[in-house]
Amino acid sequence: MRIIKGALIGLLINLQFFTVIPICKELPMDKRHITYAVKTFPILGLLQGGAFVGVLYILMNHTPFSDLAIAFIIWLLTIVITGGLHLDGWMDASDAFFSYQKIEKRLEIMKDPRTGAFGVISVIVLLSGRFLFIYEIINTLTISSMILILCLPFLSRTFMGYLLLMVPAAKKEGLGYFFQKSVPKRSLMIYPVYLLLFVIGVAFLDRHDSWFVLLLVLITFIFGEMLKRKSEKWFGGITGDVLGASVEGMEWILWLSIWLLHYYVTG
């Protein structure tokens, strides 16, 4: 019972920090509950994926909206549900990266509240690509597509927890460092269990779709390792902005992967 209560509080902390869902309650921020928050990152992603799929199903089956209008609503939902938190990190990290300065200067640029030209250009490219992928997936939507959309934020939030704990902090301040210093790395041991249960659940519904999910897991692992190394090389480690940028980048890669699968396999 104590574990379940701790996990629920951890999930509420995640909803409070990483979504726009109003949690009008003061939650405990001690190490135990922050650890539960990191342990439930994948569950947060699964809830977000469920929101995308649920809204998509209602729009496709119970409204007269065109595919273009539905794609726009889903695209907008992917932005609104997090309050643009990770997009802010994407823009700040883009400004810092394209400055081609040393790590110390890049960290200073990310602290600047102003957004530069590279930040604006990079977010336009990111969001335009995401809209294209969503629109073309919706054009000939299948059950397999819905399962993969459900999977996408689940994998990106799993990656977020992995990156948070496996990459050293670039600076000893900010949200990323606050979470990192509070949570032991062994907390990640629950993540493979989540992945296994998710794949088994999908296989129970359709064994064919479980192979697509495993492919997305493999893509997440490969690009996750690349982003892990690059975050250390480019920024000297993890910050809240780098973490947000990495989540946005991973989700873009996963949307791209679903789009390509849709063209060549599931469509």
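Guide: Ile-109 is found in helix α6, where helices (H or I, at least four residues) are DSSP runs numbered from the N terminus. This is a predicted model, in which local features need pLDDT of at least 70 and side-chain atom pairs count only at pLDDT 80 or more, while totals for chains, interfaces and linings use all residues. Residues are numbered from 1 along each chain as its sequence is written, and side-chain values use heavy atoms, with hydrogens and water left out.

Leaving aside neighbours within four places in sequence, Ile-109 is in contact (heavy atoms within 4.5 Å) with Asp-95, Ala-96 and Ser-99. The C-alpha atom of Ile-109 is also separated by 7.4 Å from that of Asp-92, a residue 17 places away along the chain.

The loop between α5 and α6 (103-111) holds Tyr-100. The phi of Tyr-100 is near 55°, a positive value in a residue other than glycine. Most residues other than glycine have a negative phi. With 59% relative accessibility, Tyr-100 counts as exposed, the classes being buried under 20% relative accessible area, exposed over 50% and partly exposed in between (1.4 Å probe, protein chains only).

On a 1 Å grid over the protein atoms alone, a pocket is an open set of points with protein on both sides within 12 Å along at least five of seven lines, a cavity is a set where a 1.4 Å probe fits but cannot get out, and lining residues have an atom within 4 Å of a point. The volume of the largest pocket is about 520 Å³, a volume being the space filled by probe spheres set on grid points that are joined across faces, edges and corners. Of the 21 residues that line this pocket, Trp-90, Leu-227, Trp-234, Ala-245 and Gly-249 are the closest to its centre. By class the lining has 15 nonpolar residues, five polar and one charged, where Ala, Val, Leu, Ile, Met, Phe, Trp, Tyr, Cys and Pro count as nonpolar, Asp, Glu, Lys and Arg as charged, and the others, Gly among them, as polar.

Between α11 and α12 lies the loop that holds Ile-238. In contrast to the exposed Tyr-100, Ile-238 counts as buried, at 3% relative accessibility. The C-alpha atoms of Ile-238 and Pro-168 are separated by 6.1 Å, although the two residues are 70 apart along the chain. Beyond its neighbours within four places in sequence, Ile-238 is in contact with residues including Leu-163, Val-167, Pro-168, Gln-180 and Leu-243.

Ile-238 also lines the second largest cavity, together with residues including Lys-171, Glu-173, Tyr-177 and Gly-240. The lining divides into three nonpolar, four polar and two charged residues.

Conventions:
Helices (H or I, at least four residues) and strands (E, at least two) are DSSP runs, numbered from the N terminus.
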